[in-house]
Amino acid sequence: MTLGEWAAVALVVLPLLAAIGAFVVPRAALALALVAVVIVLAAAGVLVFQVLSVGPWRQTLGGWPAPLGIAWHADGLSGAMLLLTAGVATCAGAYRAAEPGAAGNMLVAQRFFWPLWLFLVAGLNALFLSADLFNIYVAQELMGLSAVALIALAVGTPALAAAWSYLLATLLGSSLYLLGVSLLYGRYGVLDIGLLTDVFEADLASVLAAVVMTLGLLLKAAVFPLHFWLPAAHGKAPTAVSAVLSAVVVAAPFYLAVRLWLGPFAELLGQGGATLLGLLGVAAILWGGLQALLQRRLKMLIAYSTVSQFGFGMLVFPLAVDADSSQLAWTGAVLLVLAHGLAKAALFWRRAACC
Amino acid sequence: MMYMVLAGALFGIGLSGLFSARHPLRKVLSLNVLSASVFLLLVAVARQSEPLDAVPHAIVLTGIVVTVSTTAVALALLVRLPIRGRQDAAGRPKERP
């Protein structure tokens, strides 16, 4: 195995193992978690370096080729997302470890924070690496469930209610996504995104699949008008968690939507899909911005601004229709998501430090 | 084909249940109906190919495990949700939780 392959394996396996370790031995949880994320950060760096020097990279797990087996895939987009995840997760871990008063009164929260947080990192990494639609579904569930539990760790009823509505939203989104995946499998008999891109045709079953999958992903990415769960969930969660939620957990379904629409569904973009997605984006920018202005609590303001920012992200679809500007639109969207992730995480931490 | 129509109908039932149910437990059950309908669709898809396709079966098995986990998390959260007001026989709370 090459260095890149080792790095990819470490990205997923290490947080998983560390999560189990942190759950079994709570005393060593902090050390385990910090060591794990630092290695994950290094592995993401190695992977990005590999992609930059050699180009997109693909690995078939267990040596099984694509129609039956699961492939991992890393290109510029997933590399950037992996690096963002690792960076934000490392900072969030450091923030949490240094948080004053975290050790005292919330024993349950202390015990479960690190395992859940590591599971979240593992789910995100698996999602960004995988090229298999069903594997991505499982990674999404891992990510969603740990995010829900992390929100619920915050003390008080509002956090529980927020976690509850996030749970319902994310599970409905996953069910819609899985419905789309099964429609696509029934039509083409493949689950690999690359293979699907080659065979995709715009017929009834495929369009239906594209619609339900996109609906599910937009619900998870909190794109207007499906954003109802986001402000409460991000505003009520513990600060270290809010940052990761805003920076990467929302970006993950958005990343997947970009993957799908610029991959298999690209054919549908020209047929009204792009306009519709773009209009949703515009509505999200306006509505999210307006709501952010009307908020009285800083944390809610930051949360609504996430809705608005992902509206800007949605503009990638109408821009990508034109073949000339497609590359530029891509780069812009990746840059936006990266910048938003870093800025939003920093904002959440800064807010906690001053108020 | 009949099973696919049935799966579609179940999906509709699950969706309407999720949006119309007031009690959290009913919402969890609706989500379970929703995923069951997707599994039915997958098994129906597997039945169509000749010889039988094993991949959808593997997906359904994994999906069942995932659904069990999500239901467990949902239930664990549900029991902590404060539900104000007593419930009537149909499980509808008198106040919104």
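Helices (H or I, at least four residues) and strands (E, at least two) are taken as DSSP runs and numbered from the N terminus. The structure is a predicted model, in which local features need pLDDT of at least 70 and side-chain atom pairs count only at pLDDT 80 or more, while totals for chains, interfaces and linings use all residues. Residues are numbered from 1 along each chain as its sequence is written, chains are lettered from A and ligands numbered from 1 in the order in which they are written, and side-chain values use heavy atoms, with hydrogens and water left out.

A pair of aromatic rings is described by the distance of the centres and the angle of the planes. Rings of Phe, Tyr and Trp (its six-membered ring) were paired if their centres lie within 6.5 Å; planes under 30 degrees apart count as stacked, over 60 as edge-to-face and the rest as tilted. Under this rule there are 14 aromatic pairs over all chains. The pair A:W114 and A:W117 is edge-to-face, because the ring centres are 5.1 Å apart and the planes stand at 85°. Both tryptophans belong to helix α4 (residues 107-129) of chain A, where they are three residues apart, about one turn of the helix. Burial was assigned by relative accessible area (buried under 20%, exposed over 50%, partly exposed in between; 1.4 Å probe, protein chains only). A:W114 is buried at a relative accessible area of 5%, and A:W117 is buried at 2%.

A tilted pair is formed by A:Y188 and A:F200, with 5.9 Å from centre to centre and 35° between the planes. This pair links distant parts of the chain, since A:Y188 lies in helix α6 (residues 157-188) of chain A and A:F200 in the loop between α7 (193-199) and α8 (204-220) of chain A, 12 residues apart. A:Y188 and A:F200 are both buried. One aromatic cluster comprises A:Y188, A:F200, A:W261, A:F265 and A:F317. An arginine is also placed against an aromatic ring: the charged end of A:R96 sits over the ring of A:F113, 4.1 Å from its centre. For this assignment, NZ of Lys or CZ of Arg must be within 6 Å of the ring centre and within 35 degrees of the ring normal.

A nonpolar core is a set of buried Ala, Val, Leu, Ile, Met, Phe, Trp, Tyr and Cys residues joined through side-chain atoms within 4.5 Å. The largest such core has 148 residues, and those with the most contacts inside it are A:W117, A:L129, A:L133 and A:Y177. Helix α6(A) gives the most to this core, contributing 18 residues. With contact defined as heavy atoms within 4.5 Å, and residues up to four places away in sequence not counted, A:W117 touches A:A33, A:V37, A:A89, A:A92, A:G93, A:L150 and A:V244.

Most residues other than glycine have a negative phi, and most peptide bonds are trans. Phi of A:A222 is near 60°, a positive value in a residue other than glycine. A:A222 counts as buried, at 0% relative accessibility. The peptide bond from A:F224 to A:P225 is cis, with omega near 5°; A:P225 is found in the loop between α8 and α9 (230-236) of chain A.

A:T239 lies in helix α10 (residues 239-249) of chain A and is buried, at 9% relative accessibility. Not counting residues up to four places away in sequence, A:T239 touches A:Y95, A:E99, A:K299, A:F348, A:W349, A:R351 and A:A352.

Chain B has three helices and zero strands, in the order α-α-α from the N terminus on. Of its 97 residues, 38% count as buried. Among contacts in chain B with a separation of 6 or more, 57% are between residues 24 or more positions apart. The unreviewed UniProt entry carries the annotation "transmembrane region" for residues 30-46 and 58-79 of chain B; positions are given in the numbering used here, feature names are shortened, and annotations may be inferred rather than shown by experiment. Residues 30-46 of chain B are 100% helix and 0% strand, with the end C-alpha atoms 25 Å apart. Residues 58-79 of chain B are 100% helix and 0% strand, with the end C-alpha atoms 32 Å apart.
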